[in-house]
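Good morning, and thank you for coming.

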Amino acid sequence: MSVPEPSPWTDDLGVLTGLRSGKRSYYPAYVRSMERLERTVEALDGISRALVRTAEGPRALVEAVIRAAADHLQARWLLLAVADGALRAARPRFLLYADDVLIDDETRVPAEAREHLAVLRTRPWEAEASAEDASWVRAPMTLDDEPVGGIAAQPGPGVEVADTDLAVLRVLANQAAVALHNTYLFHAATALRGRTEELSEAAERQARDLAARSAELAETQARLFDAMRRQALDDERHRIARELHDSVTQYVLSAGMTVEVCRAELEALGGPAAEIAGRLAQAKDLNRQAVERLRASIYALHHTQEPPGPLPVMLERLSTVHLPTALDVRVDVHGSPVALPPRAEQSVLRLTGEALFNSATHGKAGRALVRLRYLPDALVLSVSDDGTGDPAHLRRVLEVSRATDLSGRHRGLANMVARAEELGGTLSIRRSGLGGVLLRVDIPLPVRVDEETADDR
């Protein structure tokens, strides 16, 4: 008796259900295959739902995988574990589903599950082998074809575990491994990005701090250099002052005494000698003025470094400086004071000091007025007196001294003009409202000092 050839429909059904038979037992087997197929579809749906929870963190993913696998096998016990040394950053390392409770405390793992936990942890390559207890099934967890753990489960009563069920467990386990690894990489990348941002911000802060410290260092170095320079100049001034006091002044005094002795002897002789004695009296007066000028210069050299303070305050102090005669000095300030560079303030002070000395010594003044005016774009300094000086004569003397005076007799006015020009300003001489001479210096703001040509006249 010949056996009929199977139809194509029968072949397709056999491929789908795993059946190759046309016996009467076909229908019950078909029903069981359909049930397995439905469970497989449900498991795959559980896998998809588990995978979309990756962003919630690794534990939520592992819990979803375990519940999907337990639902598929209707399992009372189900264990997922990562092998020791694999996926080192994965957490949790194992999770046990028992009577709808999830356990990650090893002390609470029942004895019947500990054997499978040991296998999955220490010998994950044996996970695919059949368990000694037939009521348990195991499936390996692999990543890049390397065993990294597995799933062990105790299916529910009446559940027959087929190859498709084991395939579902393997898919779940493998997807869990991949998701755990990807979650670790995601969090590592996030942490690295955060760390990179922190390092970038730290680098920017450090760069700003370094720039600020560099600026502070440069300013400190500039101040130190200026202090050293001022100290060197101060030492040199004191040396010159001592030299003037100990030698030059003594020579001038000796010369004055000699002139006085000669004048007295000539007066005693009478006649033409008496006339010569009269002229020597003028020489004695010039000698006295020279001594007074030397003393004033010595004092100025010793007190060049005025105490720091605003320019108006230093002008008030300057008005009390030792002068050859008693000169009543008044200082008026108008406008809002503007801070000037230290060298500019020194130049303004010395201009004022030179003008007051000229008023007292040459102009025979009894009163002087120092007026300082702060304008929006200029600083105006004027020194006026009630002396006998002639502005026109002083202008002529200044012109001659700047061009031909080599003896230094009139260098005071020339130095004042030079100081004003170094500050970008001008100096003018006119008649004072007090009756004497008025010296006026106009300096544009902001002040720019020519460091190369500026000196300490």
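**The sheet and a buried arginine**

The model contains an open sheet of five strands in the order 3-2-1-5-4, with antiparallel pairing. Strands here are DSSP runs of E with at least two residues, and helices are runs of H or I with at least four, both numbered from the N terminus. Two strands pair if DSSP finds at least two bridges between them. At the edges are strand 3 (101–103) and strand 4 (137–143), each of which pairs on one side only.

This is a predicted model, in which local features need pLDDT of at least 70 and side-chain atom pairs count only at pLDDT 80 or more, while totals for chains, interfaces and linings use all residues. Residues are numbered from 1 along each chain as its sequence is written, and side-chain values use heavy atoms, leaving out hydrogens and water.

Strand 1 (residues 77–82) and strand 5 (residues 146–154) run antiparallel and share six bridges.

Let us turn to R93, in the loop between strand 1 and strand 2. Is R93 buried or exposed? R93 is buried, that is, under 20% relative accessible area with a 1.4 Å probe, counting protein chains only.

Which backbone oxygens lie 2.8 Å and 2.5 Å from a polar atom of the R93 side chain? They belong to A83 and L87, respectively.

Notes
Buried means under 20% relative accessible area, exposed over 50%, partly exposed in between (1.4 Å probe, protein chains only). Lys and Arg count as positive and Asp and Glu as negative; His and the chain ends are not counted. A salt bridge is a side-chain nitrogen of Lys or Arg within 4 Å of a carboxyl oxygen of Asp or Glu. A polar contact is a pair of N or O atoms within 3.5 Å; within protein, one must be able to donate a hydrogen and the other to accept it, and residues adjacent in sequence count only if both atoms are side-chain atoms.
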